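Me: I should like to learn how to read the features of a protein model, one at a time. May we work through an example together?

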Amino acid sequence: MESIVFWGFNLYAWITIVTVLSMFTVLLFTKLRADLVFLGAISILFVTGVLDAKEAFSGFSSTSVVIIGVLFVVVAGLTHTGVLQWIVKHLLGQPKSYSKAVIRLMLPVAALSSFLSNTTVVALFVGIVKMWSKKLGVSPSKLLIPLSYASGMGGVCTLIGTPPNLIISGLYADKTGTAMNVLATTIPGLFCLFIGVLSIIAMRKLLPDRKAPEAAFESTTDYTVELLVPSDNPHIGKTVCEANIDNVKGGKLIEIIHFDEVVSPSSSDEIIMGGDRLIYAGQIDEILDLRDTHKFVSADHPVFTFNEVDKHRQLRTAYITFGSSLINTRIVDSAFEKENNMLLVAVARRGKRINQSPRDVVLQAGDTLLLDCPPKVNIQTDRLSSQLQFFDSPQVPNIGRKTLISTTIMILMVVLSALNIIPLLQCAFLAAIAMLLFKCCSVDQAMKSINWEILMVFAGSVVLGVAIQKTGIAERLAFGILDVCGSNPIVVMTAICFVGTFITEFISNTAAGAMFFPIMYEAADKLGYEPYPFLIALMVSVSSSFATPIGSPTHMLVYGPGGYRFSDFMRIGFLMNLIILAANILIVNIVYPLVPLQ
């Protein structure tokens, strides 16, 4: 099979190319889970003989993948002891101008993202930034894109800050036997961060001024109405179903109050009594028609207010994430409410409430949902977290002695690794064990913090890199780039980094890093230069995705809360991509001068 050559690639190479392209197509245009797609790609490469058993499962034993898994536990310790919350509370302050607000926001976020999960940091800051923006009199949309950008640029500053850095450094160690220092990317990363902050301030007019999505929900009288059942009402003694008062034109019955007893959600066999209070949500003018047809009367005051939380139920705001199964569906056609014990109260899109029955709205990514939920709803379940992002009620742990302990553990892990006293893998394991021993997080919390889907994607990315290297695709592409760009190493470095920056707008930055590692390594080798500087530049470029909301999970987190449109990222993002690319190439060649191979 290897003897069959077409356009310079053998059959195994073509199988790899088709598999990789198919995988990316599936990820872009379907809602299949990323881990299953990567597992399918690995299976194809193994079954067709492109990779043997050891190579096909090499990603699961990769040092970088193991480190990522262990770091989930370390981050859990920091989160559950309130370290992140303490930092947020004490660093933002009350700046007097937009420029100062951007600096006060982006620098702490970047610093945290250098050591912690970007997604964790952004998820924590989103709610805080939205409240902070109100105090400053600034639209949240002016600050949430800078928040997401800062997390990406900060993650580049250390090897543990972002998965592509760990993947690329791990592949480099496997290739050369030499491990990169955990702070290898710090100076280039900080320089790009500095340029990025200045660019955001200079281009602030390109940032959209959108109305906050939940602004449509500030007055509950706009979407809930309370009706009373008079003592002589003809429907007394009937069930909700018999009286036909549950799913009505324009809305839905979300709660019944029998004297002091609250029935929520209401069931179809609930008996209607005189004096009952019926709470409806939806299109109020249409619901009020029910008052006349069923001889109900209006209540004197609403039971619900946005700041009042009932002991039985509460109102929560959530945003529909990209890839959610709720996209292009109507709640009325799904079992979502029943499965999650929630009721949809209202829907807003780009800061404006949609004036139709909420359960009949065809939902889109980024829509804001107001949900009537149990007070202790578990919003961390896989089913919910893959569909909705809740931001309105973050649980803030108590700040105390364990906060200091977990901070010390984190600092020691970084310092011991940076000084090459203990290898990073061992440091990560020691830090995770210490978090458990000092009870910064429980074993159950630690296990729940490990995102197995992400680890599967990381492992799959490593295997794809192995296949691209083994089949000669990397070498062939490297020669192709050299033919086009010539023998100037800086031109070649820039060209590959440019393509890497573009690709990572549409696929996982981890996958982009694994895919471009062998290409960059081979290109440097063919030019006769040490690959190290080339790979540092690659690390920065594959994490520089600014132009599309699907380019990074953190962009997806701010997309709904900011009330953004897809084009909002493109307006400022393409310029940011070019600016950071230029800064990246400049600083890498200053800090790590190109060295010819001996």
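This is a predicted model: local features need pLDDT of at least 70, side-chain atom pairs count only at pLDDT 80 or more; totals for chains, interfaces and linings use all residues.

Me: Which share of the contacts with a separation of 6 or more comes from residues 24 or more positions apart?

Reply: Such residues account for 79% of those contacts. Individual pairs illustrate this kind of separation. Gly-560 and Ser-141 are 419 residues apart in sequence, and their C-alpha atoms are 9.9 Å apart in space. Gly-560 belongs to the loop between helix 23 (553-559) and helix 24, and counts as buried because its relative accessibility is 3%.

Me: Which residues of helix 10 and helix 24 make the contact?

Reply: On helix 10 they are Ile-187, Pro-188, Phe-191, Cys-192, Ile-195, Gly-196, Ser-199 and Ile-200. On helix 24 they include Ile-572, Met-576, Ile-579, Ile-580, Ala-583 and Asn-584, together with Leu-586, Ile-587, Val-588 and Val-591. By class, the residues of this contact divide into 15 nonpolar and three polar, with no charged ones.

Me: How is the length of a helix checked, for instance that of helix 21 (residues 509-527)?

Reply: One compares an expected span with the distance between the end C-alpha atoms. At 1.5 Å a residue, the 19 residues of helix 21 should span 27 Å, and the end C-alpha atoms are 26 Å apart, so the two values agree.

Me: Where does helix 21 bend?

Reply: Helix 21 bends by about 35° at Phe-516, and Pro-518 follows within four residues. After the helix comes Gly-528, whose phi is positive, near 85°.

Me: Where are Asn-328 and Lys-439 found, and are they buried or exposed?

Reply: Asn-328 is found in the loop between strand 9 (314-320) and helix 13 (336-340). Lys-439 is found in the loop between helix 16 (424-437) and helix 17 (443-449). The cut-off for an exposed residue is over 50% relative accessible area. Asn-328 counts as exposed because its relative accessibility is 61%, and Lys-439 counts as exposed at 61%.

Me: How does one read the surroundings of a buried residue?

Reply: One takes its place, its accessibility and its contacts in turn. Ala-431 lies in helix 16 and, at 4% relative accessibility, counts as buried. Leaving out residues up to four places away in sequence, Ala-431 touches Val-74, Ile-409 and Met-413. Ala-431 and Val-74 are 357 residues apart in sequence, yet their C-alpha atoms are 6.4 Å apart.

Me: With which residues is His-235 in contact, leaving aside neighbours within four places in sequence?

Reply: His-235 is in contact with Ala-243, Ile-272 and His-294. Its place is the loop between strand 3 (224-228) and helix 11 (240-243). At 12% relative accessibility, His-235 counts as buried.

Me: Is Gly-82 buried or exposed?

Reply: Gly-82 is buried, with a relative accessible area of 0%. This glycine lies in the loop between helix 4 (63-80) and helix 5 (83-91). The C-alpha atoms of Gly-82 and Cys-440 are separated by 9.7 Å, and the two residues are 358 residues apart along the chain.

Notes. Residues are numbered from 1 along each chain as its sequence is written. Side-chain values use heavy atoms; hydrogens and water are left out. Contact means heavy atoms within 4.5 Å. Helices (H or I, at least four residues) and strands (E, at least two) are DSSP runs, numbered from the N terminus. Ala, Val, Leu, Ile, Met, Phe, Trp, Tyr, Cys and Pro count as nonpolar, Asp, Glu, Lys and Arg as charged, and the others, Gly among them, as polar. Buried means under 20% relative accessible area, exposed over 50%, partly exposed in between (1.4 Å probe, protein chains only). The expected span of a helix is 1.5 Å times one less than its number of residues. The bend at a residue is the angle between axes fitted to the seven residues ending there and the seven starting there.
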